[in-house]
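Keep the sequence and the model in view while reading.

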Amino acid sequence: MDALPVTDVSYFPGCSLATTAKENNQSLIECCQKMGIRMIELPDWNCCGSSSAHSINHQIAFDLACRNLSLAPPDRPLVTACPSCTLRLKHAQHRLKNDPAARERYSQMWGRSFDPDLRVRHFFGLLEEVDLERLLAVNGHVRIDMSFAPYYGCMLNRPFALRSGSNYYGIMEKTLAKLGLRALNWGHASQCCGTFLTVARPDIVTPKVNMIMQGAAESGADCIVTACAMCHMNLEVRCTLKNPVPIFHFSEILSLAFGATRHKDWFSRHLIDPRPLLKSKGLTA
Amino acid sequence: MTIEGGPTIRLNDLDLKFSREVKRLSATDFYTCLQCRSCSGGCPFSEYMDYMPNGVMRLVQLGLKNEALTCNTIWICVGCHTCSIQCPMAIDIAAVMDALREKALAEQVDILEPDILNFHREVLNSIERYGRTHKIEIMMRYKLKTRDLISDWAVGMKMLAKRKLDLTPSRVERIGDVKKIFQK
């Protein structure tokens, strides 16, 4: 079969993937490579304006998102991996499309006019369009015999203004099923992880996280697979249960199935060590 | 409307100007709220709030400014949008919470969750300095500000050991752009 064509996209990693979740970043870039997607990092990107900025100052949050939009080359989509970043960038875009005063501010601050045709896309949107069967046939893949609890966090919820289009519900289950994994039904797939409350109110977040982690253990899952780097961190940092279920970034599992070899550095960064599980499943040496 | 053990609310000081202002700021019509409580049933953190989300909708409908701006609900809300998903009247409840938070800061009322606000401020300071968030510095400054250096020490050490925290910040090169945002 022919090799896959390569598509260039602009890539917005965001603060979490650039720092605390480097393993998410590296595995995402690697699995995109296998899928024929070249992730070209958005030059000089800044914080998307999520959580804290938009919690206390919507104007700063909007301007931060706008600067990122203004840096994106027009000829390719701007791809995100973090659900929060996606929401902030799309929200700014929505406001720019609907508010002439916002467009005026944008042009004044960034010295160019707003490009209404720029597509901001979550990685899941790209994945939806990939012919996975063909890809697996061309590249071959490692079969992963594991059960998992899919965890989307609040990614599936969006404010009304942004509710058109897919929220990608079920995409992790559908994709990973083709790679041999079994998705389990459980009650916490879309429960909020507590996000920033983890710092100031761990007394609130710890019981929530433990409930989620306990739910995954009771479902019998070998592991949790997360769609969001922030959720991943909160679950790992705040869980106080004994023998917690390992948690993977979705991109790690996908890369592993695609035959990633550079994963040594990913799994050693997890607070809940997934390496014994991977070893027991014959996935790593 | 009372909270168990809480103060009685008297409907004799209704500020409808405030009500309209919140509607404008949030671009959300909360007057359609019919008090079905779906939002509060779904909210993952309602048990920690003094007013449930539906209660806050009632406060803003009635223009009970002081109650709306000084409740802890607006700070506990993380904007996960679980409430809006469940609202049969399509009210963007998280947007109302955003508007109330900004209003509370502008009006300089007492903030019931100063630690949460301190954290947000440290994040914004970090963005102003580097254009991106520098987590270890945010945590250190937050801990100094709240005079609590003990809790989470073990967690921080574990994160460092696992290389989850970078010692040097990831920075925006053209930081002038970012400064401009904060000066506007």
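## Terms and basis

Buried means under 20% relative accessible area, exposed means over 50%, and partly exposed lies in between (1.4 Å probe, protein chains only). This is a predicted model, in which local features need pLDDT of at least 70 and side-chain atom pairs count only at pLDDT 80 or more, while totals for chains, interfaces and linings use all residues. Residues are numbered from 1 along each chain as its sequence is written, chains are lettered from A and ligands numbered from 1 in the order in which they are written, and side-chain values use heavy atoms, with hydrogens and water left out.

## Domains of chain B

Chain B splits into domain 1 (16-106) and domain 2 (114-183). The bounds come from an automatic or database domain assignment. Taken over C-alpha atoms, the centres of domain 1 and domain 2 of chain B are 29 Å apart.

## Salt bridges overall

Side chains of opposite charge can pair when their charged atoms come close. A salt bridge here is a side-chain nitrogen of Lys or Arg within 4 Å of a carboxyl oxygen of Asp or Glu. Over all chains, the structure holds 30 salt bridges.

## A strand pair in chain A

Arg38(A) and Asp8(A) form a salt bridge, 2.8 Å from N to O. The pair links distant parts of the chain, 30 residues apart: Arg38(A) is in strand β2 (residues 37-41) and Asp8(A) in strand β1 (residues 7-12). Helices (H or I, at least four residues) and strands (E, at least two) are DSSP runs, numbered from the N terminus.

Arg38(A) is partly exposed at 46% relative accessibility. Asp8(A) is also partly exposed, at 29%.

## A bridge between chains

Which residue of chain A meets Arg174(B) in a salt bridge? The partner is Asp44(A), at 3.8 Å from N to O. Arg174(B) lies in the loop between α10 (153-161) and α11 (175-183) of chain B, and Asp44(A) in the loop between β2 and α3 (52-56) of chain A, so the pair joins two chains.

Arg174(B) is partly exposed at 44% relative accessibility. Asp44(A) is buried, at 13%.

## A network in chain B

Glu107(B) and Lys65(B) meet in a salt bridge at 3.0 Å, N to O. Glu107(B) lies in the loop between α7 (93-106) and α8 (114-130), and Lys65(B) in helix α4 (residues 65-70), so the pair ties together parts of chain B that are 42 residues apart in sequence. Glu107(B) is partly exposed at 32%. Lys65(B) is partly exposed at 25%.

Both residues belong to a network of salt bridges that also links Glu21(B), Arg24(B) and Lys103(B).
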